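The following note sets out numbered points on the model shown below.

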Amino acid sequence: MERHLNHTVVADLETELKDTFANIKMSDLNLQDITMDEFVEQLSKKSKLSKEEVTEMVEEKINYIYSKRLG
């Protein structure tokens with residue numbers, strides 16, 4: 001089952017990943033109604049990093065975002 005990212009998580013990811021992917025304009029990505037796999041694939045293509053590397057970074061940031069929300 002694909003994991004959909006809601007708009008608040010996507011917005012937080014954009015903020016959290018802007019330094020890591022400084023050479024990528026997040027506004028160039030199609031982030032509407034996006035799944036985790038689609039997000040990773042877009043970042044991977046734009047950054048020239050492997051999907052595995054990008055997946056690890058994104059999952060780490062998602063965990064950070066949720067831990068911050070839970071306080």
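Throughout this note, buried means under 20% relative accessible area, exposed means over 50%, and partly exposed lies in between (1.4 Å probe, protein chains only). The model is predicted, so local features need pLDDT of at least 70 and side-chain atom pairs count only at pLDDT 80 or more, whereas totals for chains, interfaces and linings use all residues. Residues are numbered from 1 along each chain as its sequence is written, and side-chain values use heavy atoms, with hydrogens and water left out.

1. Lys48 is exposed, with a relative accessible area of 71%. This residue belongs to the loop between α2 and α3, where helices (H or I, at least four residues) and strands (E, at least two) are DSSP runs numbered from the N terminus. The phi angle of Lys48 is near 70 degrees, a positive value in a residue other than glycine.

2. Backbone at Asp33. A positive phi, near 45 degrees, is also found at Asp33, again a residue other than glycine. Asp33 sits in the loop between α1 (7–17) and β2. With a relative accessible area of 67%, Asp33 is exposed.

3. Strand β2. Thr35 is part of strand β2 (residues 34–35) and is buried, at a relative accessible area of 3%. Leaving aside neighbours within four places in sequence, Thr35 is in contact (heavy atoms within 4.5 Å) with Glu2, Arg3, His4 and Leu5. For one of these residues, Arg3, the C-alpha atom is separated from that of Thr35 by 5.4 Å, although the two are 32 residues apart along the chain.

4. Val9 lies in helix α1 and is buried, with a relative accessible area of 2%. The C-alpha atoms of Val9 and Ile62 are separated by 7.5 Å, and the two residues are 53 apart along the chain.

5. Ala11 and Glu38. Ala11 is also placed in helix α1, but counts as partly exposed at 35% relative accessibility. Ala11 and Glu38 are 15 Å apart in space, C-alpha to C-alpha, and 27 residues apart in sequence.

6. Side chains of opposite charge can pair when their charged atoms come close. A salt bridge is taken here as a side-chain nitrogen of Lys or Arg within 4 Å of a carboxyl oxygen of Asp or Glu, and by this rule the count comes to four. One of them joins Arg69 and Asp12, whose closest N and O atoms are 2.8 Å apart. This pair links distant parts of the chain, with Arg69 in helix α3 and Asp12 in helix α1, 57 residues apart. Arg69 is partly exposed at 42% relative accessibility, and Asp12 is partly exposed at 29%. Lys68 and Glu16 also meet in a salt bridge, at 3.5 Å from N to O. Because Lys68 lies in helix α3 and Glu16 in helix α1, the pair ties together parts that are 52 residues apart in sequence.

7. The side chains of Glu41 and Lys51 form a salt bridge at 3.8 Å, N to O. Glu41 lies in helix α2 and Lys51 in helix α3, so this pair ties together parts that are ten residues apart in sequence. Salt bridges that share partners join Glu41, Lys45 and Lys51 into one network. Glu41 is partly exposed, at a relative accessible area of 32%, and Lys51 is partly exposed at 43%.

8. Ser44. Is Ser44 buried or exposed? At 10% relative accessibility, Ser44 counts as buried. The residue is located in helix α2 (residues 36–47). Not counting residues up to four places away in sequence, Ser44 touches Leu49, Ser50, Lys51 and Val54.
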